[in-house]
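Subject: Structure handover

Hello,

Here is the structure I promised to pass on. Please open it first, then read my notes beside it.

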Amino acid sequence: MIQSLLIANRGEIACRIIRTAREMGIRTVAVYSDADTKALHVREADEAVHIGPSPARESYLVGDKIIAAAKATGAEAIHPGYGFLSENAAFAQAVIDAGLIWVGPKPASITAMGLKDAAKKLMADAGVPVTPGYMGENQDPAFLAEQAADIGYPVLIKAVAGGGGKGMRKVDSAADFADALASCQREAAASFGNDHVLIEKYILTPRHIEVQVFGDTHGNVVHLFERDCSLQRRHQKVIEEAPAPGMDEATRAELCAAAVRAAKAVDYVGAGTIEFIADASEGLRADRIWFMEMNTRLQVEHPVTEEITGVDLVEWQLRVASGEPIPLTQDELAIDGWAMEARLYAEDPATGFLPSTGSLDLFQLPDHIGRVDTGVYEGAEVSPFYDPMIAKLIAHGEDRDEARELLSEMLEDSAIWPVRTNARFLIRALDHPDFAAGAVDTGLIGRDGEAMSAAPEPSPQALTKAAMAMVPASPHAGLRLNAPPVRTAPFLLDGKRVDVTLHGPGADNPAPAMLVAETGAVWQLTPWRAKGGAGDGAGDGDILAPMPGKVIAVDVAAGDRVARGQKLLTLEAMKMEHGLTAPFDGVVAELNVAAGAQVQVEALLVRVEPEA
Ligand code: ADP
C-alpha cells in the first residue's frame with residue numbers, strides 16, 4: 001500500500017482526499033500557490049509545498065513543479081483530484097516516468113477519451129450507443145452545414161476538445177449555423193487551443209445520466225450505478241443525485257452494462273465516469289440513451305455514489321493504484337436509499353451569477369445533519385483565481401423525498417457573509433415542482449431560473465427581530481416582540497432603505513450593524529441616517545471587477561438613470577462573459593472604464609448611487 005501521497009489540487013477535493021488518506025494511515029503532502037498560503041488543504045495535510053504564484057497556470061497547472069514537490073518530500077504517489085491536471089495524459093506519463101505512482105487511469109486511456117470525436121468513434125466500435133451526428137475530420141463550414149441539415153435541426157456544435165460546458169452552441173435553424181459555428185470555433189481555439197468541432201443531434205427533453213465505473217490492474221471492471229445530473233445551468237451541473245428518478249431495473253442493467261463495456265474498451269483502471277444523454281420525452285428508455293463522453297477521473301459529484309453504495313471511492317482509488325484488486329465484486333454492490341448533492345458557490349445569482357470573492361467573515365454550515373465536503377473555513381478568503389465552489393452539501397435519505405428535504409434543510413441552515421452564495425437559489429431549485437416530481441431536464445433552469453435567481457428578501461419577522469436587537473429597549477420601556485406595533489423606523493438593508501415595523505420604543509443609540517440570517521441567506525442591517533443615509537451603505541453601489549479581465553462592452557453612460565438588475569457592462573474573464581448589473585435603482589455616479597479596458601480585480605468600474 002502507498003505510504004505517502006501528494007495531492008495535486010486544492011479546495012474541497014484536496015481536503016476530501018486527505019481525509020481518506022489519513023484514515024488509511026497514509027502521509028499526505030499538499031501543494032499550494034500564493035493565494036492558498038492559508039488554505040484549508042494546506043492546514044490539513046501533514047506537509048505542504050509552495051509551488052508558485054496564484055494563477056493556476058503558474059502553480060497548479062505546472063506539472064514539473066508538482067513532480068519536484070513529490071520528489072522533495074518523498075511522496076510515492078500523486079492524486080490529481082478533478083480539474084487542473086487530472087485529465088492531462090502528458091502529466092500522467094511524466095509522473096510515471098519520474099518513478100511515482102499515478103492515482104488514475106493509464107495515460108493511453110486518458111488520451112483515447114480526451115477528444116469527444118475520437119471517443120465517440122471508439123465507443124461506437126465497442127457497441128456503445130452514441131448520440132447521432134457527424135464526428136469526422138472534414139471541418140469545412142459548408143460541409144458541416146450540410147451535415148447539420150442531414151442530422152436535422154436543432155443541432156449542437158461541440159468543440160472536440162471542449163469541457164466544463166464550454167465550446168458548445170445549440171443551433172435551431174440553418175440560417176444561424178454559420179455564425180454559431182464561427183463563434184464556437186473561436187471559443188474553442190481560445191479555451192482549448194483546438195478549433196475542431198463535431199455536430200450532434202440536439203436531444204429534446206435531455207437528461208444527463210452518468211455511470212460510475214471502476215477498473216483495476218487485474219482486469220476487473222465494475223459499475224457503481226448511475227447518477228442523474230440533469231439540473232444544470234448553462235451546461236454546468238447544479239444538483240446531482242443517485243440513483244436517477246424513473247430508472248427501472250431493466251434500463252439500469254442495460255445502461256450500466258454499456259458503461260462497463262465502454263471502460264473495458266479503453267482498458268480502464270481506477271475511477272471513471274461514462275456520461276450519457278437521454279431523450280426523456282417518454283421517460284427513460286434504454287434505446288434513447290446515448291454515450292456522450294467519458295471523464296477519466298474522480299467527479300465532483302462522486303459523494304452521491306458513495307452515499308448510496310457505502311463505498312469510499314478515494315479509498316478504492318488508492319488501493320487500486322497500489323496494485324490491489326477492487327475490494328467488492330459487482331454482486332456485492334447494491335443501492336441503499338437516495339442521495340442528493342448541491343454545489344454551494346461563492347456567487348451571486350441576482351447579478352448573473354458573478355463570482356463573489358473576499359473574506360468569509362461568517363461561514364457556518366450544518367454540522368449535525370448530512371455530509372459537508374468543503375475546502376474553506378470561517379475567516380478564510382475566497383480568491384478570484386479559482387473555481388468559486390466553496391462546499392458540497394450531500395444528503396442521504398431512504399427515498400428521494402427524504403434526501404431532497406434533508407438537503408433543503410442543510411442549505412437553510414447555512415449562513416455565509418459577506419461573500420454571497422447560491423444557497424437560496426439551490427433551495428428554490430429543490431422546491432421547483434418539476435424537480436420535486438423528478439421530472440428534470442437540462443433546460444429547467446434556463447426556462448424557470450429567473451425566479452430562482454431573484455435576490456432573496458428577509459421576512460418582515462426576521463427584519464423586526466434584527467432591528468429590535470439593534471435598538472434595545474430603554475430600561476423603563478418594555479419592548480416585546482409580541483407587543484402591538486408602535487412605530488416604523490428606517491434602516492439600511494445591504495445599503496438599501498427599508499422601513500421596519502418595531503414594537504415599543506427603542507433606545508437612542510442603536511448598534512452600528514446587525515446580520516440577519518434566514519433560510520440560507522444573510523443580510524447586513526445598519527441604522528438609517530437621514531442625511532446621506534445611502535452613503536452609509538458605502539460600497540454597495542460600487543461595482544468592482546470580481547476578477548481580472550477585459551471590459552468588452554459598456555451599456556451605460558455617467559449620469560444615466562438605471563434600474564436594479566439592469567446591465568451596466570460586460571466583463572470577459574476566465575474565458576467567460578460576465579454581465580455586471582445595477583444593485584438597486586439609481587444613477588450612474590461614476591463610470592471609470594470604456595470598452596477594451598483591461599481591469600484588475602476589485603478595480604472600481606462603476607458607482608451607482610440611489611436617486612436623491
Ligand atoms: P462538457 O465536456 O463541456 O461537460 P458534455 O459533452 O459533457 O460537455 O455536455 C455537457 C452538457 O451539455 C450535458 O450534460 C447536456 O446537458 C448538454 N448536452 C450535451 N450534448 C447534448 C445533446 N446532443 N443534446 C442536448 N444537450 C446536450
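This is a predicted model: local features need pLDDT of at least 70, side-chain atom pairs count only at pLDDT 80 or more; totals for chains, interfaces and linings use all residues.

Five strands form an open sheet in the order E3-E2-E1-E4-E5, and the pairing is parallel. Its edges are strand E3 (47–52) and strand E5 (101–102), each of which pairs on one side only. Look at strand E1 (residues 4–7) beside strand E2 (residues 27–33): four bridges link them in the parallel sense. As background, strands of a sheet pair through backbone hydrogen bonds, either parallel or antiparallel.

Thr-73 is worth a stop. This residue lies in helix H3 (residues 63–73). Is Thr-73 buried or exposed? Its relative accessible area is 12%, under the 20% cut-off, so Thr-73 counts as buried. Leaving out residues up to four places away in sequence, Thr-73 touches Arg-27, Val-29, Glu-47 and Val-49.

Next, a second sheet. This one is open too, with four strands in the order E6-E9-E7-E8 and antiparallel pairing. Strand E6 (133–134) and strand E8 (168–171) are the edges, and each pairs on one side only. E6 meets strand E9 (residues 197–201) through two bridges, in the antiparallel sense. Tyr-134 has Ile-199 as its bridge partner in E9.

Then move along to strands E13 and E14. Strand E13 (residues 270–279) and E14 run antiparallel and are joined by six bridges. Glu-275 has Glu-293 as its bridge partner in E14. How many residues of strand E14 (residues 289–295) are buried? Seven of its seven are, so the strand is mostly covered.

Now for some backbone details. Most residues other than glycine have a negative phi, and most peptide bonds are trans.

- Tyr-153 and Pro-154 are joined by a cis peptide bond, with omega about 0°. Pro-154 sits in the loop between helix H7 (141–151) and strand E7 (155–159).
- Trp-417 and Pro-418 are also joined by a cis peptide bond, again with omega about 0°. Pro-418 is in the loop between strand E23 (415–417) and helix H13 (423–431).
- Phe-225 is not a glycine, yet its phi is positive, near 70°. Phe-225 belongs to strand E11 (residues 221–233). With 9% relative accessibility, Phe-225 counts as buried.
- Asp-267 is not a glycine either, and its phi is positive at about 60°. Asp-267 is in the loop between helix H9 (249–265) and E13. With 47% relative accessibility, Asp-267 counts as partly exposed.

Last, zoom out to the whole chain. It has 16 helices and 35 strands. The C-alpha trace spans about 80 × 60 × 50 Å along its principal axes. A compact globule of 612 residues would have a radius of gyration near 25 Å, and the chain agrees with that at 26 Å. Of the 612 residues, 54% count as buried. Among contacts with a separation of 6 or more, 65% are between residues 24 or more positions apart. The chain has 54 positive and 87 negative charges, and their mean positions are 3 Å apart.

Best wishes

Methods. Residues are numbered from 1 along each chain as its sequence is written. Side-chain values use heavy atoms; hydrogens and water are left out. The radius of gyration is taken over C-alpha atoms; the globule rule is 2.2 Å times the number of residues to the power 0.38. Buried means under 20% relative accessible area, exposed over 50%, partly exposed in between (1.4 Å probe, protein chains only). Contact means heavy atoms within 4.5 Å. Lys and Arg count as positive and Asp and Glu as negative; His and the chain ends are not counted. The place of a charge is taken as NZ of Lys, CZ of Arg, CG of Asp or CD of Glu. Two strands pair if DSSP finds at least two bridges between them.
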